[in-house]
Amino acid sequence: MQHVILLSLQRLWKLRKNDVRVMDQQINKVRNTFSELFDKSSSIVSLETIQIEYLGRKGQINHLASQLVKLSLSEKKIFGKLVNSLKQEISSLIDQKKLALSKKKHQTLLSEIDTTSPGTKYLIGQLHPTTLVIRQINSFFRYLGYGVYDGPEIETDEYNFQKLNVPADHPARELQDTLYIVEPEYLLRTHTSSVETRAMTKEQLPLQIVVPGKVYRNETANATNNSMFYQYEGLRIDKNISMAHLRGTLDRFVRFLYGENTKTRFRCKYYPQVEPGAGMDIQCNFCNGNGCQVCKYRGWIEVLGAGMVHPNVLTSCKIDPEIWSGFAFGMGLDRLVMLKYGIDDVRKLYSGQLIVKQNT
Amino acid sequence: MKVPINWLKQYVEIAQPASQIASILTSIGHMQDGPIQKVKGGLVIDIEIRQNRPDCLSIVGVARELAAATNVKIQYPQIENTATFSPKGNWKIVVEDASLCFRFNTIKIDNIKVGKSPEWLKALLEFCGMESINNVVDITNYVMIEFGQPLHAFDANLITGDIVIRQARQNEKFTALGEKKLILTTDDLVIADAEKILALSGVIGSSTAGVNSETKSIILEGATYNQASIRRTSLRHAIRTEASTRLGKFLHPQLTSVALCRSAYLLKETCGAKVVASVDYYPKIFEIASLELSTDRILKLGGVKIDNIKISQILQALGFEVRGRSANKLTVLIPYFRTDVLCEEDLVEEVLRMYGYDKIPSVLPNSAPSQDIQSRYFELEEKIRDIMTSLGFDEHITEPLTTETVSNKIPIILQNSLTSEKSMLRTTLQHSLEKVLVNYQKHRRLITKIFEIGKIFFDIGGFKEQRTLGVIFSSSSAQYKEIKGIITTLISQLGKEIHQSDYFIVPIDRHVWYAEVNIDSVFGRGNIDTFSVFTSPPLVVFQDLSLVAPVEARVGEVLDTIRKVDKRIFEVELGEEPKIIDNQNKTLFIKFSLRNQNDSNVSKKDIDDLRQQILNKLKKNFLISLSSKA
């Protein structure tokens, strides 16, 4: 009985020995055929073919790996390592040669070119500085849910003055030298607030708009004043809007425009269309608030006029001030644009004297 | 308004440095308007008084504000008691139009000794930049600065007959102080006697009945006029005085009494003068008003809770009288000098500005954003800007006020332009863009590509404004087809149908082109897709047509005709520029592509059929035939 068992073990051993030998031969064969093909190939395409043939899913290496199941655990370990190192060897040989080939190709292509010679110019047009600043501010208010609203530049006395709590003979009219088309009925809008009265009259509430646009005054042009200039105004009408919201909005806006560390001052200021009225200043960064020529020795620079929309304005636009309240704010844009782009004369902004620098 | 600190100190205790006073006044609504100046050893602050607060065009008014803000009591200056103003004088005041003059308050003062002013008076006037003239005139000026009420002194013996406040006669002549000769209109109000004009009401006096070295007795007047009338006169004659600045705003008539009493006191003190009689024209008394203030309103508008006691304290410090202090409703009596306080919100501002705007919290609204009403026109314009710059065009903005004359549209003319160069509104963007072009050429730019988006204006019975794009393209070889290509590329990139009536192109010079696009019109056009998405490449067949056409055949019309032959025709283009063959004919090389709607193959038969249809149509419409060479 014992003898029989021994015999069969011996037979089994012989068989196994045979498998091991076959495995060994196969590995060597794969290595040799690869070497032959690899040495012959001289293009990236042929290398990629070899790569698929040897390293692909149905490639030679995976075929070898599938043979391992026939071996014992300890043999699997030995041959597994051998197959794996062959795989690594092939993979790295192919990669190295591919890299060398592609480098050589680049060198050939570039060798005829003087790469220090400048590139071709593609001229993209530039936007006007005022447009750029308007876009920047629009993006801020768009984020807060405001929409850009527009309205006519030829206005009526009603929308430009009367609905804004500036009746005929109001002293505020003296400050705004109006350009008339047919006095007193038709005029060029003296502020973008006229667009706000249009929106309040026409649109549904609640309302959140900003209005960038041209405005006109009967002024003799000089370096700081022009008969046409730009204003930017905003309006928010809702239930329970208060000065705290106005201050919050302006604080955030001013920091967006002038930087996170900007110091602001919120104070009382009269405008006919708002009550209570407010102004926002930023601390002068030329003198750190100590007073200099730039800030007219105030230490602060006035940047925004604002306030809660006057009940007379709401009423004239058919809005009930008992239910709705809102804030409005406004600023001139040109000074900001000039500061940002180093332009010293407002007339240069709007007379085609800004010649755009061509990019190189 | 120049405010000497030393003068302020007469009415209010000041412990703070001048810079802090300026900053306190700024925070409560009177912004510092320039550097603090040193005049004769004293400091003078300069503040901007807004047009609603004529009461603060006075040192007492500013003192009142400062006292309330710094929580101290104001000491009013000494004045004569009104009781001494009887008996009624024997001169008459005639106001011809009661809607132009609300009060004309006069006193007669005898025992006047005209001479130099005392030093203290001269010094204070000098602080405010006013010249000393004589003691009588200086005192009227002093009281005007002190209380804000302009006054006028006449030599009583130089007035003949009644004092008449009337409208001037058309073209009536008047020589104002400083020998300024004026020609008046019926809209000007004057103070006159039986013979002559004594003063242009509220604006400027004359030397006709002025105080002079011989004057022994004066009539001193303080008046309240229709403010608008004063402002118009001041504007019409371009005369701005301390008096017109104040009387052009709403001063309460009661202020005239206070100012006269103060002057009487000062004249008595400085030269022993004595009030002997008075005449007061004041037919309709201005009553003291009262307002209801709900404390909830302060919280609702101000966003800050202030307790009732504090609210009352603030209002009382400003001179308001607070009554009926119920749970959340106050009845507030408005002091006569606060002519600006007209509604509850005005009271809210009073409380908030004294409480401190800096104590209002800073929070963003937490309500949901409203419906989006952003202008779609604005969005279209923004797209145009992006496309034009990507095509290499620089944006410019020019002034719509101009003088251009050549135009096929009726321009809108301004009534009151200051300069002839800006007397009308532009009817095209061409002229101002041409000026920009000149600047580019000065900078030796070989290629100029510029555009502007703005409104043009014209008269079509009503006033019309039209959103417009103007484009200039100039180079050594700029062609019509290039500028046309730019405009059509733009419109199709906007996703809009191209209509020739929406734009025009004109040559400025041989290689300088101007194009103008009516944005309003493009906005209204139907939308087209700017691109298509294919999951697989479309089955497209490309075809050429080599044709012979009569020279007068218009390429655009031929291409349009081909496009309309069949829906399967996809793109139709001119292959190359037509060449003239002989006097009558030119070549016409056209490329087009075919595609089935359902992306199936186009059969050989389909192609042949379509080609035949096209050829038939072209033959019929244009006498175009296939080239014999093809």
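This report walks through a predicted model with chains A and B, starting from the overall build of chain A and moving to local features of chain B.

**Chain A as a whole**

Chain A holds 12 helices and 10 strands. Its radius of gyration is 40 Å, while the globule rule gives 21 Å for 360 residues, so chain A is more spread out than a compact globule. The C-alpha trace of chain A covers about 130 × 65 × 45 Å along its principal axes. Buried residues make up 41% of the 360 in chain A. Among the contacts in chain A with a separation of 6 or more, 65% come from residues 24 or more positions apart.

**Where the two chains meet**

Chain B brings 79 residues to the contact and chain A brings 71 residues. On the side of chain B that touches chain A, the residues split into 32 nonpolar, 27 polar and 20 charged.

**A buried strand in chain B**

Let us turn to strand E13 of chain B, residues 218-225. Eight of its eight residues are buried, so E13(B) is largely enclosed by the rest of the structure. In a regular strand, side chains alternate between the two faces of the sheet. In E13(B), one direction is taken by B:Ile218, B:Leu220, B:Gly222 and B:Thr224. The other direction belongs to B:Ile219, B:Glu221, B:Ala223 and B:Tyr225, and the residues pointing either way are all buried.

E13(B) pairs with strand E5 (residues 101-110) of chain B and is also joined to strand E6 (residues 151-155) of chain B. The table lists these pairings together with one from elsewhere in chain B.

| Strand pair | Sense | Bridges | Example of facing residues |
|---|---|---|---|
| E5(B) and E13(B) | antiparallel | eight | B:Cys101 and B:Tyr225 |
| E6(B) and E13(B) | antiparallel | five | B:Ala153 and B:Leu220 |
| E10(B) and E11(B) | antiparallel | three | B:Ala192 and B:Ile197 |

**An open sheet in chain B**

The last pair in the table, E10(B) with E11(B), belongs to an open sheet of five strands in the order E4-E7-E10-E11-E12, with mixed pairing. Strand E4 (93-95) and strand E12 (204-205) of chain B stand at the edges. Each has a single partner strand, so one side of each is left without a neighbour in the sheet.

**A residue in the loop between E12 and E13**

B:Ala209 sits in the loop between E12 and E13 of chain B. Is B:Ala209 buried or exposed? B:Ala209 has 28 other C-beta atoms within 10 Å; the cut-off for a buried residue is 20 or more, so B:Ala209 counts as buried. Leaving aside residues up to four places away in sequence, B:Ala209 touches B:Phe154, B:Asp155, B:Leu158, B:Ile159 and B:Leu198. By contrast, the C-alpha atoms of B:Ala209 and B:Thr26, 183 residues apart along the chain, are separated by 42 Å.

**Two packed helices**

Finally, consider helix H10 (residues 308-317) and helix H11 (residues 344-355) of chain B. Their axes lie 9 Å apart and meet at an angle of about 95°, and H10(B) and H11(B) are therefore roughly perpendicular to each other. From H10(B), the contact draws on B:Ile311, B:Ile314 and B:Leu315. From H11(B), the contributors are B:Glu350, B:Val351, B:Met354 and B:Tyr355. Sorted by class, this contact has six nonpolar, no polar and one charged residues.

How values were computed: Residues numbered from 1 in each chain as written. Chains lettered and ligands numbered in written order. Predicted model: local features only at pLDDT ≥ 70, side-chain atom pairs only at ≥ 80, totals over all residues. Buried ≥ 20, exposed ≤ 12 C-beta atoms within 10 Å, placed from the backbone. Helix = DSSP H or I, 4+ residues; strand = E, 2+ residues; numbered from the N terminus. Pairing = 2+ DSSP bridges. Contact = placed C-beta atoms within 7 Å. Nonpolar A, V, L, I, M, F, W, Y, C, P; charged D, E, K, R; others polar. Axes fitted to C-alpha atoms, helices over the stretch in contact; angles between N-to-C directions. Parallel < 35°, antiparallel > 145°, perpendicular 65-115°, else oblique. Rg over C-alpha atoms; globule rule 2.2 N^0.38 Å.
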